[in-house]
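Subject: Structure handover

Hi,

Here is the structure for your files. My notes follow below it.

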Amino acid sequence: QVQLVESGGGLVQPGGSLKLSCAARGSPFGIKIKKMAWYRQAPGKERELVADIPSGGEANYADSVKDRFTIVTDIAKNTVYLQMNSLKPEDTAVYYCNVHALATVRGVVVSPHDYWGQGTQVTVSS
């Protein structure tokens, strides 16, 4: 099994920047990663997709963060990052990383599975 450990959240003023990290821990044996993503959930709001990047594909972003956020993967470090620039108060939320993967047995795909980070708080305020 894989555990995702998040870090990098905190308090920042509007216009500031933060970089979130999500590192995979444990053995990825028997898992094929299909997509990595960042979600966020603000108080009283539903969880929403912020950015994702399919394996071997191009990154996608919510309109609200386009041109401000960048999702980056580092396969060698088993880590996915979210660089957040020009932060706005409406970006305040708990941010969760997500890995959508396929479980395999002897190389055969048997089921999909989603791994989630524990969440990290991002607060944008003056």
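Start with Ala76, which sits in the loop between strand S7 (69-74) and strand S8 (79-84). Strands here are DSSP runs of E, at least two residues long, and helices are runs of H or I of at least four; both are numbered from the N terminus. Ala76 has a relative accessibility of 75%, so it counts as exposed. The cut-offs: buried is under 20% relative accessible area, exposed is over 50%, and partly exposed lies in between (1.4 Å probe, protein chains only).

Some ground rules. This is a predicted model, where local features need pLDDT of at least 70 and side-chain atom pairs count only at pLDDT 80 or more, while totals for chains, interfaces and linings use all residues. Numbering runs from 1 along each chain as its sequence is written, and side-chain values use heavy atoms, with hydrogens and water left out.

Now the fold. The chain has eleven strands and zero helices. Its radius of gyration is 15 Å, close to the 14 Å that the globule rule gives for 126 residues, so the chain is as compact as a globular protein of that length. That radius is taken over C-alpha atoms, and the rule is 2.2 Å times the number of residues to the power 0.38. The C-alpha trace spans about 55 × 30 × 25 Å along its principal axes. Of the 126 residues, 38% are buried. Take contacts (heavy atoms within 4.5 Å). Among those between residues at least 6 apart in sequence, 56% join residues at least 24 apart.

Next, the aromatics. The whole structure holds one aromatic pair. Ring centres of Tyr39 and Trp116 lie 5.1 Å apart and the planes meet at 55°, so the pair is tilted. Tyr39 belongs to strand S4 (residues 31-41) and Trp116 to strand S10 (residues 108-116); the pair links distant parts of the chain, 77 residues apart. The pairing rule covers rings of Phe, Tyr and Trp (its six-membered ring) with centres within 6.5 Å; planes under 30 degrees apart are stacked, over 60 edge-to-face, and the rest tilted. Tyr39 is buried, at 19% relative accessible area. Trp116 is partly exposed, at 35% relative accessibility.

Best wishes
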